[in-house]
Amino acid sequence: MTDLVALTAENTARWTKAKLTRNFSGIAKRLIDPDAKDRYQALSAKIGVPWFFIAVVHEREASQNWNTQLGQGDPLGSVSVHVPKGRGPFKTWEDGAYDALVNCAPFAARNHDWSIGGTLTMLEQYNGLGYAARGRPSPYIWSGTDQYVSGKYVRDGVYDASAVDQQPGCAGLLAAMMQLDPTITFSEAKIIPVTNPPARPRKPPPATPSIRTPAKGSLGAFFVGLFKSLFGK
C-alpha cells in the first residue's frame, strides 16, 4: 500500500524544483475563462473541492469537454465503461462531476489537505497510484515538466515504460493557471517559474572605421594593406 504521507512530501519537493518544459498558457486561459470558472466554483461551493482542482481534472479526463463525465471522460448520457465503471447516465456535467468527486474513489470531497502537496497527491490518487507503487513520477501530474521523462499506463492496468504521455500534467496546468489568476494560491508553495528560452548572444557591433582600422574595401584599407606588405607591420 502506498504511503500517502510520504507521497505528499515527495510531491511537495518535486513542485519546489520543477521546471516547465511545455507551454501551458493556452490551456490555462481556457480553464480560467469566467464562464468555465463560474461552473467550477458553483460545484466547489457545494462539495468543498477547490475549483481549480476540478478544472485540471476536467482537462486531463476530457480536454474540458462539458458533455463527458468527470470521473473518466466517458459520454455524459451513457453508462461509463472505464474506471469508475457503471456510472451514469447523467443529465448535466455538474451531476456527473458531483458523482465523481463525492461518490467515487478517491472521494475528493472528503479530503482536507489542500496544500500543494495534498492537492497533487489527491490528483494522483484520482488517476491511480500505480506510478507511485513503481517509484515513478506520475505523468498525470508531471507531464510537461522536467520531473517526468517516460512511462505510461496506456490503458487500465497496462503499463508501458517507453510510452510518453503527451497530455498536459496537472502540476504544469496549476502553475500556468497561477500565473494568470492570483486567486489560486497555496500558502507554502511558490509558483513554478515560466522560463523563456535563453536569448541568443548578440554579435559585437562593428568597429568604427579609423586610420588604424579603416572600413573594409575603402581606399584607407588598401593603403594599410600595402603598408603591411612593404614593412611587415
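User: A crossing is right-handed if the near helix is turned clockwise from the far one by less than a right angle, and left-handed if anticlockwise. In this predicted model, is the crossing in which α3 passes α5 left-handed or right-handed?
Analyst: Two packed helices are described by the angle between their axes and the distance between the axes. For α3 and α5, the axes cross at roughly 40° and come within 11 Å. As for its hand, the crossing in which α3 passes α5 is right-handed.

User: Are α3 and α5 roughly parallel or oblique to each other?
Analyst: Angles under 35 degrees count as roughly parallel. The axes of α3 and α5 cross at roughly 40°. The two helices, α3 and α5, are therefore oblique.

User: How many residues in the contact of α3 with α5 are charged?
Analyst: From α3, the contact takes in Arg39, Tyr40, Leu43 and Ile47, which meet Trp93, Glu94, Ala97, Tyr98, Leu101 and Val102 in α5. Of these residues, eight are nonpolar and none is polar, and the number of charged ones is two.

User: Which elements are included in what covers the buried residues of α5?
Analyst: Helix α5 spans residues 93-102, and its buried residues are Trp93, Gly96, Ala97, Asp99, Ala100 and Leu101. Among these, Trp93, Ala97 and Leu101 also meet α3. The cover over the buried residues of α5 includes α3, α4 and α6.

User: At what angle do α4 and α6 pack?
Analyst: Residues Phe53, Val56, Val57 and Glu61 of α4 meet Thr119, Met122, Leu123 and Tyr126 of α6. This contact of α4 with α6 divides into six nonpolar residues, one polar and one charged. The crossing of α4 past α6 is right-handed. With their axes 11 Å apart, α4 and α6 pack at an angle of about 35°.

User: Why is α9 largely enclosed by the rest of the structure, and how many of its 11 residues are buried?
Analyst: The buried residues of α9 are Cys170, Ala171, Gly172, Leu173, Leu174, Ala175, Ala176, Met177 and Met178. What covers them includes α1, α2, α4, α6 and α8. Helix α9 is largely enclosed because, of its 11 residues, the number buried is nine.

User: Which residue in the hairpin of β1 and β2 takes a positive phi?
Analyst: Strand β1 (residues 152-155) runs antiparallel to β2 (residues 158-160), and three bridges join them. One of the pairings links Tyr153 to its bridge partner Tyr159 in β2. The hairpin has two residues between the strands, and the residue with a positive phi, near 85°, is Gly157.

How values were computed: Residues are numbered from 1 along each chain as its sequence is written. This is a predicted model: local features need pLDDT of at least 70, side-chain atom pairs count only at pLDDT 80 or more; totals for chains, interfaces and linings use all residues. Side-chain values use heavy atoms; hydrogens and water are left out. Axes are lines fitted to C-alpha atoms, for helices over the stretch in contact, and angles run from 0 to 180 degrees between N-to-C directions. Helices (H or I, at least four residues) and strands (E, at least two) are DSSP runs, numbered from the N terminus. Contact means heavy atoms within 4.5 Å. Ala, Val, Leu, Ile, Met, Phe, Trp, Tyr, Cys and Pro count as nonpolar, Asp, Glu, Lys and Arg as charged, and the others, Gly among them, as polar. Buried means under 20% relative accessible area, exposed over 50%, partly exposed in between (1.4 Å probe, protein chains only). Two strands pair if DSSP finds at least two bridges between them. Angles under 35 degrees count as roughly parallel, over 145 as roughly antiparallel, 65 to 115 as roughly perpendicular and the rest as oblique.
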